[in-house]
Amino acid sequence: MSSELERKPEVIKKLFFQLKNRYDLANILEISEIHLRYQLYILDKEKRYVTFQIPKKSGKLRDITTPVQELKVIQKKLNTILKLVYRPKNSTHGFTEDRNIITNAEQHLQKRCLLNIDLEDFFPSINFGRVRGLLSAAPYNCNKEIATMIANLCTHNNCLPQGAPTSPILSNMICASLDTSLQRLAKKYGCIYTRYADDITFSTSHYEFPIQLVYFDKKEKILLLGEELLRIVERQGFKVNQSKTRLRTSSESQEVTGIIVNEKLNVKRAYVRQVRAMLHAWEKYGLENAQSDFQEKYYTNQSFQKECPPLEYVVKGKIDFIGQVRGRQDKVYQRFLAKLSKLSPELVPETHLIPGATLDENKLSQVKVEIWTEGKTDITHLRAALKSTKRQHFVHKINLTFNDRKGEMDGEQNLYKMLKYLCLTQHEKILISIFDRDNSNIVKEHLSAGDFKYWGNNVYSFVIPTPSHRDDNNDVCIELYYHDDEIKRKDKEGRRLFFGHEFIWRSGRHKNYDLNTRIEHPATKISKAIKIIDDKVFDSLHKNVALTKNNFADNILNSVENFNDFNFSEFELIFDVVRNTVISSLENQEYQK
């Protein structure tokens, strides 16, 4: 049985407002009255739907209840009919023709303040009675029998099932009054209002929202919604999920339905990183291996049964989305599209590629890049990692140098101060400062900026990414890019680096050997950070057997005995950020022309 209706839209719309009984409803659905009667009154209600779970972003599980095939066909037809008689409000962007998350986000571009609200248990809060009452009232004016039958076909366990084709359109119809009231409220206080399903957004060009919408309770130190706003939402039969309420100013990252709206429409940096990583895995390891890795990461041991889609189409879909949000001439979009074209030419029409829009890597030798780090050992490790890479590597194509001013910038605070000074003047070179991941304030600042932070005037900085084998650690320094057995390597004099967790934290006594450390609190019970000790570890003869970080780094760089086979694969994470930073700088220069 087809889910498509054969009649013309104008005929269907006319028939809807003439519905009087079950025979009329069967007629407009283009099914037999017997089949309709079976679905309504004979089929066991518990056999009409199948329920499964999918994970939410929070990690919790969401119940998805989808109708069996026969009922799904009827609901798809009903969905077509209801769309013809429903007129969406201007503020409604979800489940509506010619509107989407992009049109929703566009309404809130470049606003000083942005308020995100989430309606709690959106579909479950819309019950059978609300659906029947909606259809009985203006402008639909169905009689009691018709309203009851449609509500019966579209609800399950006294609510709209999340997974039924009719639930989105019915939720919009139910929210028509809510949209009208909130639109008036927004206009009253000089704000913009939109709704995408259960996501409500207000924005304003004023310096703050009126207290009727939202305010900060200084005594309780929490964000609270205004009484006038809450009264409208609750009067319409909904409840706000307070834990998901967000207020953002223009100095913070403002997001509407997953799209950044501060200066221009943009996708999250994490989204771009994911696409870049997928393309990289595909190019480096082949499609089959990349597909297996993708399936294992996202579709193995899940609570729902869903076939893993082909990776090439997932990548294409994500790239297309970047183009929709950022524009088809955007450099990031064109660069990804060009890469996809090389990997799978049949997926990218030549007309979509813009000549000269992507980075010409043959000109990279003209690019000058200078790396600044917190201390000398960081530079030494990066140099050692560079020695291990093949000459065709990106970092070998650019004119890369390291700033070796000893002592002048040692420590993160000195480097941070230097950054604020450097960005005051324009630089021909691209200056990149690299921080360890052991200062929460610096990490937080860079995470809000994405892969890297742009300070202006060709000055950039980033914190080193977390290596794959350190995912459970809060703090990471560059030595932790090596594996534990490498870090514990001894030099010819028997010295090595030690981990704080090797010692009893109260006494400083080594857990396994006759060694003691005078470093105060080498490890604690509550800290997840890995502390490296490179001094004041003494044996029974009071000899210091700790290897300094400087000597450790020099041994690796010079490939001395026992330090000449280290694995530098994790350093690719750092070089990838350097590459992205260089590309961003080159694109910024293009935009300024």
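Which residues point one way from β15, and which the other way? Val459, Ser461 and Val463 point one way, Tyr460 and Phe462 point the other way, and all are buried. Buried means under 20% relative accessible area, exposed means over 50%, and partly exposed lies in between (1.4 Å probe, protein chains only). Five of the five residues of β15 are buried, so β15 is largely enclosed by the rest of the structure.

This is a predicted model, in which local features need pLDDT of at least 70 and side-chain atom pairs count only at pLDDT 80 or more, while totals for chains, interfaces and linings use all residues. Residues are numbered from 1 along each chain as its sequence is written, and side-chain values use heavy atoms, with hydrogens and water left out.

**The five-stranded sheet**

Strand β15 belongs to an open sheet of five strands, in the order β12-β11-β13-β15-β14. The pairing is mixed. Strands of a sheet pair through backbone hydrogen bonds, either parallel or antiparallel. Here, two strands count as paired if DSSP finds at least two bridges between them. The strands (E, at least two residues) and helices (H or I, at least four residues) are DSSP runs, numbered from the N terminus.

The sheet has two edge strands, β12 (399-402) and β14 (453-456), and each pairs on one side only. From one strand to the next, the twist averages 25 degrees.

Now look at the pairs. Strand β11 (residues 368-373) and strand β13 (residues 430-435) are parallel, joined over five bridges. In this pair, Glu370 stands opposite Leu431 in β13. Strands β13 and β15 also pair in the parallel sense, over five bridges. There, Phe435 has Val463 in β15 as its bridge partner. Strands β14 and β15 pair in the antiparallel sense over three bridges. Tyr454 stands opposite Tyr460 in β15. A hairpin is formed by β14 and β15, with two residues between them. In its turn, Asn457 has a positive phi of about 55 degrees.

Contact means heavy atoms within 4.5 Å. Axes are lines fitted to C-alpha atoms, for helices over the stretch in contact, and angles run from 0 to 180 degrees between N-to-C directions. Helix α15 (residues 376-388) touches β11, β12 and β13, and its direction makes about 145 degrees with that of β12. Helix α17 (residues 412-422) touches β11, β13, β14 and β15 (459-463), and its direction makes about 155 degrees with that of β13.

**The four-stranded sheet**

Another open sheet has four strands, in the order β4-β5-β3-β8, with antiparallel pairing. Its edge strands are β4 (192-196) and β8 (246-249), each pairing on one side only. The twist averages 15 degrees from one strand to the next. Strand β4 runs antiparallel to strand β5 (residues 199-204), and five bridges join them. Ile192 has Ser203 in β5 as its bridge partner.

**Salt bridges**

How many salt bridges does a search of the whole structure find? The search finds 19. A salt bridge is a side-chain nitrogen of Lys or Arg within 4 Å of a carboxyl oxygen of Asp or Glu. The table gives some of them.

| Pair | N to O distance |
|---|---|
| Glu255 and Lys268 | 3.0 Å |
| Lys316 and Asp320 | 2.9 Å |
| Glu493 and Arg495 | 3.6 Å |

Glu255 lies in strand β9 (residues 255-256), while Lys268 lies in the loop between β10 (259-260) and α11 (269-285). The two are 13 residues apart, and the pair links distant parts of the chain. Glu255 is partly exposed at 28% relative accessibility, and Lys268 is partly exposed at 32%.

Lys316 and Asp320 both lie in helix α13 (residues 311-326). They are four residues apart, about one turn of the helix. Lys316 is partly exposed, with a relative accessible area of 23%.

Glu493 is partly exposed at 48% relative accessibility, and so is Arg495 at 22%. Elsewhere, Arg22, Glu33 and Arg37 are linked in a network of salt bridges.

**A buried residue**

Ile150 is found in helix α7 (residues 144-154). Is Ile150 buried or exposed? Ile150 is buried, with a relative accessible area of 0%. Leaving aside neighbours within four places in sequence, Ile150 is in contact with Phe16, Leu25, Leu78 and Leu135. Its C-alpha atom is separated by 69 Å from that of His381, 231 residues apart along the chain.
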